[in-house]
Amino acid sequence: MPSLLLIKHIGSFIQLSLFLSTDAATKFLSTMATINADLGKELQKTQGSVDPLPNTEKTAEESTDTTSSAEYTVPDILSPLKFSIFELAHRVVLAPVTRCRALNNVPQPAHVTFYSQRTTKGGFLISEAAAVCREGIGFPNSPGIFLEEQVEGWRKVVDAVHEKGGIIFCQLWHVGRASHSVYQPDGGAPVSSTDKPIVDGWTILMEDGNRGAYSKPRALETSEIPGIVNQFRLAARNAMAAGFDGVEIHSAHGYLVDQFLKDGINDRTDEYGGSIENRCRFALEILEAVTAEIGGCRTAIRLSPIIDHMGASDSNPVALGLYMVEQLNKLKEPLAYLHITEPRFTREGLKGEDEAEDEDEKTKKRKLCSMLRQNFQGAFMSSGGFNKDTAIAAIRSGKADMISFGRLFISNPDLPRRFAMQLKLSKYDRSTFYSSEQVKGYTDYPSFTSPRQAQFPVFSPSNSFNSSSPTTSSFSPSNSFKASSFSPSNSFKSSPPGPSPFSPANSFNSSSSTTSSSLPPTTSSSLPPK
């Protein structure tokens, strides 16, 4: 077997390198390169071409062909995938991870490096959450996408991703009550569906690096809500102007949209509170506005019906999740995908079950993600503490089409390749997750090709360099919006097929067919980020 021969040669190099001089070691490496090239040629003759991400699966087109079920191959995390108007080379997705590196809420050159490092040809990335307005911020140095300089900063990130053949969506959020008055214009109160603050031991990261209590929020007036919807629409337009391939609406984890969805927070008595239908109204209005602006094929949503992050609990998460999926299926334009956070992890770790709860309810909760998957008519992405093995199991069982990874991708910028070649994963440093450092803990995690970091692969005869490369194509410039650069003279002049770019002069004065007027200038919409 070629893989066994390669192990033998690597073992020889490890032994010889202990005794060889630098020149001799260099010469040996050159010989090794020749051997590897010969092995590659041998594999091409016997098993097809060698791809940087070894893959034993069929193409997405072949896998979805139901006319020849006998030849169907179960997909894997390294299998290609077609969804919406996009084609992926693999299903290992960069999850949206807040990192607090956007000085003054503007993406920096370090962001370009961070996202570029984690891009593979045909790979899919989701940006860290970008606030749709100043009031939507709730972390120090977290980015927005409501100012011209923010759009320009993101454009550099997107260009770097596209240059390497990747596809990237921008996650849009408003943190709602998960903020503090120090992040709000004029020190105002954050806004939410309620005036109840986040309690029970939850604390907010302050600008000085210390932690403090969340500020008491102000419940939005009914008349203010259309203005928030419009902010999401304008943010989606700005994302297209920056060149993003689409947007994901963050409606999970206890932030503003989730604060309307969950009855553990939402105590309203108007048309946005009470019944499941009313509590879902805000999220659905945002989706209608955004899809009308940029198209359903470029719009996605993230939900977490069971996750109780920052007090976001619901009395009937199964009914809530299934109703939302039912409504998503009824949208005029199908969404690009649905992103669901698995219920297995909470702030304290693995989530236990309520012993007093009915067994039927326990079973439903255990199976909720599968139920959502079965009912949603589109691509399905899962996240929440996955490792390689659990991700493979989820894909192979059909419980998900894609898996997003956060912490593992933070410390392993070449995560898809490490999975493919069974390389040792680098450990992440949690203490650097939320820091303004532009290098440490952000862009200094090495790829396996870096000097002295390279780990010799743990080869397995069953999957080492013995697969044909996926044949589906990756990012195509023809699929992306070609938005013109910012110009006050042409902003918001409709020019199909793509939306016009950002304009600070009218970002809150533009009317929409799906939304009413924006927030009154005398009120604070205090909405923070994720």
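This is a predicted model: local features need pLDDT of at least 70, side-chain atom pairs count only at pLDDT 80 or more; totals for chains, interfaces and linings use all residues.
Guide: In it, α9 and α10 are roughly parallel to each other.

Visitor: At what angle do helix α9 and helix α10 pack, and how far apart are their axes?

Guide: Angles under 35 degrees count as roughly parallel. Helix α9, residues 281-294, and helix α10, residues 317-329, pack at about 25°, with axes 11 Å apart, and α9 and α10 are therefore roughly parallel.

Visitor: Is the crossing of α9 and α10 left-handed or right-handed?

Guide: The crossing of α9 and α10 is right-handed.

Visitor: Which residues of α9 and α10 meet?

Guide: From α9 come Ala283, Leu284 and Leu287; they meet Met324, Gln327 and Leu328 of α10. By class, this contact of α9 with α10 has 5 nonpolar residues, 1 polar residue and no charged ones.

Visitor: Now a single side chain. Is Arg279 buried or exposed?

Guide: Buried means under 20% relative accessible area. Arg279 has a relative accessible area of 5%, so Arg279 is buried. Its place is in helix α8, residues 276-279.

Visitor: Which residues is Arg279 in contact with, leaving aside neighbours within four places in sequence?

Guide: Arg279 is in contact with Phe260, Leu261, Lys262, Asp263, Asn266, Tyr272, Gly273, Gly274, Asp314 and Leu320. For Gly274, the backbone oxygen lies 3.0 Å from a polar atom of the Arg279 side chain.

Visitor: Where does Cys170 lie, and what is its relative accessibility?

Guide: Cys170 lies in strand β6, residues 167-173. Its relative accessibility is 0%, so Cys170 counts as buried. Not counting residues up to four places away in sequence, Cys170 touches Ser127, Ala130, Ile145, Ala239, Phe244, Gly246, Val247 and Glu248.

Visitor: How far apart are Cys170 and Gly243 in sequence and in space?

Guide: Cys170 and Gly243 are 73 residues apart in sequence, and 9.8 Å apart in space from C-alpha to C-alpha.

Visitor: Where do Asp200 and Gln422 lie?

Guide: Asp200 lies in the loop between β7 (191-192) and β8 (204-205). Gln422 has its place in the segment after α15 (415-421).

Visitor: What is the relative accessibility of Asp200, and what is the relative accessible area of Gln422?

Guide: Exposed means over 50% relative accessible area, and partly exposed lies between that and the buried limit of 20%. Asp200 is at 63% and so counts as exposed. Gln422 is at 25% and is therefore partly exposed.

Conventions: Residues are numbered from 1 along each chain as its sequence is written. Side-chain values use heavy atoms; hydrogens and water are left out. Axes are lines fitted to C-alpha atoms, for helices over the stretch in contact, and angles run from 0 to 180 degrees between N-to-C directions. Helices (H or I, at least four residues) and strands (E, at least two) are DSSP runs, numbered from the N terminus. Angles under 35 degrees count as roughly parallel, over 145 as roughly antiparallel, 65 to 115 as roughly perpendicular and the rest as oblique. A crossing is left-handed if the near helix is turned anticlockwise from the far one by less than a right angle, and right-handed if clockwise. Contact means heavy atoms within 4.5 Å. Ala, Val, Leu, Ile, Met, Phe, Trp, Tyr, Cys and Pro count as nonpolar, Asp, Glu, Lys and Arg as charged, and the others, Gly among them, as polar. Buried means under 20% relative accessible area, exposed over 50%, partly exposed in between (1.4 Å probe, protein chains only). A polar contact is a pair of N or O atoms within 3.5 Å; within protein, one must be able to donate a hydrogen and the other to accept it, and residues adjacent in sequence count only if both atoms are side-chain atoms.
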